[in-house]
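Trainee: I have a model open and want to go through it before I set anything up. Can we take it piece by piece?

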Amino acid sequence: MGSGMIRTLVILAIALFMIGSDNVHVAKAQVCGANLSGLMNECQRYVSNAGPNSQPPSRSCCALIRPIDVPCACRYVSRDVTNYIDMDKVVYVARSCGKKIPSGYKCGSYTIPAA
């Protein structure tokens, strides 16, 4: 899998949920309601595997997360995506931003935990 594709998958997961730039993947992300460049700039630090433990997201990050279609974005979450982002952090950030994500919901190979 190319680095551009992995970057796209990571942003789509962030979008949850959420890093790509080619037009095909940007179009898919827009269907999910995601602003890829905005998410990368504003939200990536909150969900990265390499980042600190869960921390409250900024208002600008939340503004980008609220319009995301979670079921749509979840179709793009794969094991490759979870190598780069921490899905527990993604859920924490999304819920902190007011997204209603039901526990037990499957997002790729990841199952959403109880709130």
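Trainee: Fine. What is the mean pLDDT of the protein?

Mentor: This is a predicted model, and its mean pLDDT is 76. Of its residues, 73% reach 70 or more.

Trainee: Which elements have the lowest and the highest mean pLDDT?

Mentor: Helix H2, residues 23-31, has the lowest, at 46. Helix H5, residues 59-65, has the highest, at 93.

Trainee: And where does pLDDT stay under 50?

Mentor: One stretch is residues 1-6, for which the model has 7 contacts beyond four places in sequence. Another is residues 18-29, with 31 contacts beyond four places in sequence.

Trainee: Cysteines next. How many disulfides does the count come to?

Mentor: The count is 4. With the bonded cysteines numbered in sequence order, the pairing reads 1-5, 2-3, 4-7, 6-8.

Trainee: Take Cys32. Which residue does Cys32 form a disulfide with?

Mentor: Cys32 pairs with Cys72, and their sulfur atoms are 2.0 Å apart. Cys32 sits in the loop between H2 and H3 and Cys72 in helix H6, so the link spans distant parts of the chain, 40 residues apart. The torsion about the S-S bond is about -65°, so this disulfide is left-handed.

Trainee: Are Cys32 and Cys72 buried or exposed?

Mentor: Cys32 is buried, because its relative accessible area is 0%. Cys72 is buried as well, at 5% relative accessibility.

Trainee: What about Cys43 and Cys61, what is the handedness there?

Mentor: Right-handed, because the torsion about the S-S bond of Cys43 and Cys61 is about 125°. The S to S distance for that pair is 2.2 Å. Cys43 lies in the loop between H3 and H4 and Cys61 in helix H5, so the pair ties together parts 18 residues apart in sequence. Cys43 is buried with a relative accessible area of 0%, and Cys61 is buried at 0% relative accessibility.

Trainee: Where do Cys74 and Cys107 lie?

Mentor: Cys74 is in helix H6 and Cys107 in strand E1, residues 106-107, so their bond ties together parts that are 33 residues apart in sequence. The sulfur atoms of Cys74 and Cys107 are 2.1 Å apart. With -100° about the S-S bond, the link is left-handed. Cys74 counts as buried at 4% relative accessibility, and Cys107 counts as buried at 0%.

Trainee: Changing topic. Which residues of the largest nonpolar core touch the most other members?

Mentor: Leu39, Ile65, Met87 and Val93, out of 27 residues in that core. Helices H3 (36-42), H4, H5, H6 (70-74) and H8 (87-96) each supply at least two residues of the core. The largest share, 5 residues, comes from H8.

Trainee: Then let's stay on H8. Which of its residues are buried?

Mentor: Met87, Lys89, Val90, Val91, Val93 and Ala94. Note that Lys89 is on that list.

Trainee: How does spacing along a helix bear on which way residues point?

Mentor: An α-helix has 3.6 residues a turn, so residues three or four places apart point the same way.

Trainee: And the ends of H8? Which residue caps the N-terminal end?

Mentor: Asp86 does, with a side-chain oxygen 2.8 Å from the backbone nitrogen of Asp88. Just after H8, Gly98 takes a positive phi of about 95°.

Trainee: Two single residues, then. Where does Ser48 lie, and why does Ser48 count as buried?

Mentor: Ser48 lies in the loop between helix H4 (44-47) and H5. Ser48 counts as buried because its relative accessibility is 18%, and the cut-off for buried is under 20%.

Trainee: What is Ser48 in contact with?

Mentor: Leaving aside neighbours within four places in sequence, Ser48 is in contact with Tyr84, Ile85, Asp86 and Lys89. Asp86 is also the cap of H8, and Lys89 is among the buried residues of H8.

Trainee: Last one, Thr82. Which helix is Thr82 found in, and what does Thr82 touch?

Mentor: Thr82 is in helix H7, residues 79-82. Not counting residues up to four places away in sequence, Thr82 touches Asn49, Val77 and Met87. At 26% relative accessibility, Thr82 counts as partly exposed.

Notes: Residues are numbered from 1 along each chain as its sequence is written. This is a predicted model: local features need pLDDT of at least 70, side-chain atom pairs count only at pLDDT 80 or more; totals for chains, interfaces and linings use all residues. Side-chain values use heavy atoms; hydrogens and water are left out. pLDDT is the predictor's confidence in each residue, from 0 to 100. Helices (H or I, at least four residues) and strands (E, at least two) are DSSP runs, numbered from the N terminus. Contact means heavy atoms within 4.5 Å. Buried means under 20% relative accessible area, exposed over 50%, partly exposed in between (1.4 Å probe, protein chains only). A nonpolar core is a set of buried Ala, Val, Leu, Ile, Met, Phe, Trp, Tyr and Cys residues joined through side-chain atoms within 4.5 Å. A disulfide is a pair of cysteine sulfur atoms within 2.5 Å. A polar contact is a pair of N or O atoms within 3.5 Å; within protein, one must be able to donate a hydrogen and the other to accept it, and residues adjacent in sequence count only if both atoms are side-chain atoms.
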